[in-house]
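Welcome! Take a moment to look over the sequence and the model, and then let this report guide you through some of its details.

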Amino acid sequence: MDKGVERNTRTIEETVVTDFADRMTYSGYLELRTLLSAQHPLSSPEHHDELLFIVQHQTTELWLKLILHELGAACAHLRADELAQALKCVARVKHIQKQITDQWSVLATLTPAEYAQFRGVLGNASGFQSAQYRAVEFTLGNKHRGMLKVFESDPVNHALVKAALEAPSLYDEFLRHLARRGFEVPASVLERDVTTAWVYAPELVPTFIGIYADPDAHWDAYETCEELVDLEDNFQLWRFRHLKTVERIIGHKRGTGGSSGVSFLQRALDLTFFPELYAVRTEIGA
């Protein structure tokens, strides 16, 4: 054998398993045959870039599944007053948010001319109809009962979104945790209808002022407030990158799902999850 080839070849160690006739395999464990056969471009002839479009959105849905998993666990830990464990879940969500935000740059390599050649096969399919995205948004507090209508034809997705609508949000659970610890949380907040979108509660701001005024005495609560702000910042960055990617690819065309497109996405930037945690910043040092 050529000496150059020898130097550029890694020897397979004798202990490496190579016979998988009756063993679990990497592909089997991950069900890669199912996963990698789930991309079905509809353009005819098949457009080269449609696979990018499909993989981008399928990947996002996988990350959203994990975000829901982690947020659900965080809520459960807060109900059990296990704040440290809840923060571990939130930390993981923050890393996932970075992944799904950064991957917009991959889709942004799709030019308007390329997308126009297969956009028609989407029909009315749109990210607006993502049940997992909606469940994440609901879990963080941006709830809208009217969204259930979008999922009426799909019982599984309808159940997922409805459960997120009816459950206390992450913020609700945090505030209930603070109340159990003796922090002043108004009854109007604790007894609110959790199926409605969170609305700014100015009477809650003094509680956060107290936490921020003495972080050493309330370190875990203080840290949680900052982690929640990170979540919101990350979510807004994701929304903004989504908007700019859409604008870059289709300009100001109407969305496939019937929305006004960019202007509709722009209005989402006005939505907020934890307004009191931003309001408290105006009060600090004033």
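Please keep in mind that the model you are looking at is predicted. Is arginine 239 buried or exposed? Its relative accessible area is 4%, so arginine 239 is buried.

The side chain of arginine 239 has a polar contact of 2.9 Å with the side chain of glutamine 236. Leaving aside residues up to four places away in sequence, arginine 239 touches Tyr133, Glu137, Asn142, Ala268, Leu269, Leu271 and Phe273.

## The chain as a whole

Now step back for the wider view. How many helices and strands does the chain have? There are 15 helices and zero strands. Along the principal axes, the C-alpha atoms fill a box of roughly 75 × 55 × 40 Å.

Of the 286 residues in the chain, 39% are buried. The chain exposes about 16,500 Å², and carbon and sulfur atoms supply 57% of that area. Among contacts between residues at least 6 apart in sequence, 71% join residues at least 24 apart.

## Helix α5 and what covers it

Helix α5 runs through residues 83-102. At 1.5 Å a residue, its 20 residues should span 28 Å, and the end C-alpha atoms are 29 Å apart, which agrees.

Which residues of α5 are buried? They are Leu83, Ala86, Leu87, Cys89, Val90, Val93, Ile96, Gln97, Ile100 and Thr101.

## Aromatic pairs

Rings are worth a visit next. Across the whole structure, a search finds 14 aromatic pairs. One of them is formed by phenylalanine 128 and phenylalanine 264, an edge-to-face pair with 5.7 Å from centre to centre and 65° between the planes. Why does this pair tie together parts that are 136 residues apart in sequence? Phenylalanine 128 lies in the loop between α7 (112-116) and α8 (131-139), while phenylalanine 264 lies in helix α14 (residues 262-268), so the pair bridges that separation. Phenylalanine 128 is partly exposed, with a relative accessible area of 31%, and phenylalanine 264 counts as partly exposed at 31%.

Phenylalanine 235 and phenylalanine 273 form another edge-to-face pair, at 5.0 Å centre to centre and with 85° between the planes. This pair links distant parts of the chain, 38 residues apart: phenylalanine 235 is in helix α13, and phenylalanine 273 is in the loop between α14 and α15 (275-283). Phenylalanine 235 counts as buried at 6% relative accessibility, and phenylalanine 273 is buried at 1%. Ring pairs also link Trp104, Tyr133, Tyr171, Trp198, Phe235, Trp238, Phe273 and Phe274 into a cluster.

## Arginines over rings

Some rings have an arginine over the face. Arginine 134 lies over the face of phenylalanine 128, at 5.0 Å from the ring centre. Likewise, arginine 281 lies over the face of tyrosine 278, at 5.9 Å from the ring centre.

Threonine 207 is in helix α12 (residues 205-213) and is buried, with a relative accessible area of 9%. What does threonine 207 touch, not counting residues up to four places away in sequence? The answer is Phe183, Glu184 and Val185. A polar atom of the threonine 207 side chain lies 2.3 Å from the backbone oxygen of glutamate 184. Proline 186 is 21 residues from threonine 207 along the chain, and their C-alpha atoms are separated by 9.5 Å.

Leucine 265 belongs to helix α14. Its relative accessible area is 17%, and buried means under 20%, so leucine 265 is buried. Not counting residues up to four places away in sequence, leucine 265 touches His242, Leu243 and Val246. Leucine 265 and lysine 244 are 21 residues apart in sequence, and their C-alpha atoms are 9.4 Å apart in space.

Definitions and conventions:
Residues numbered from 1 in each chain as written. Predicted model: local features only at pLDDT ≥ 70, side-chain atom pairs only at ≥ 80, totals over all residues. Heavy atoms only, no water. Buried < 20%, exposed > 50% of the residue type's maximum accessible area, 1.4 Å probe, protein only. Polar contact = N/O pair within 3.5 Å; in protein donor to acceptor, adjacent residues only side chain to side chain. Contact = heavy atoms within 4.5 Å. Phe/Tyr/Trp six-rings, centres within 6.5 Å; stacked < 30°, edge-to-face > 60°. Helix = DSSP H or I, 4+ residues; strand = E, 2+ residues; numbered from the N terminus. Lys NZ or Arg CZ within 6 Å of the ring centre and 35° of its normal. Areas by Shrake-Rupley, 256 points an atom, 1.4 Å probe, with all protein chains shown as cover. Expected span 1.5 Å × (residues − 1).
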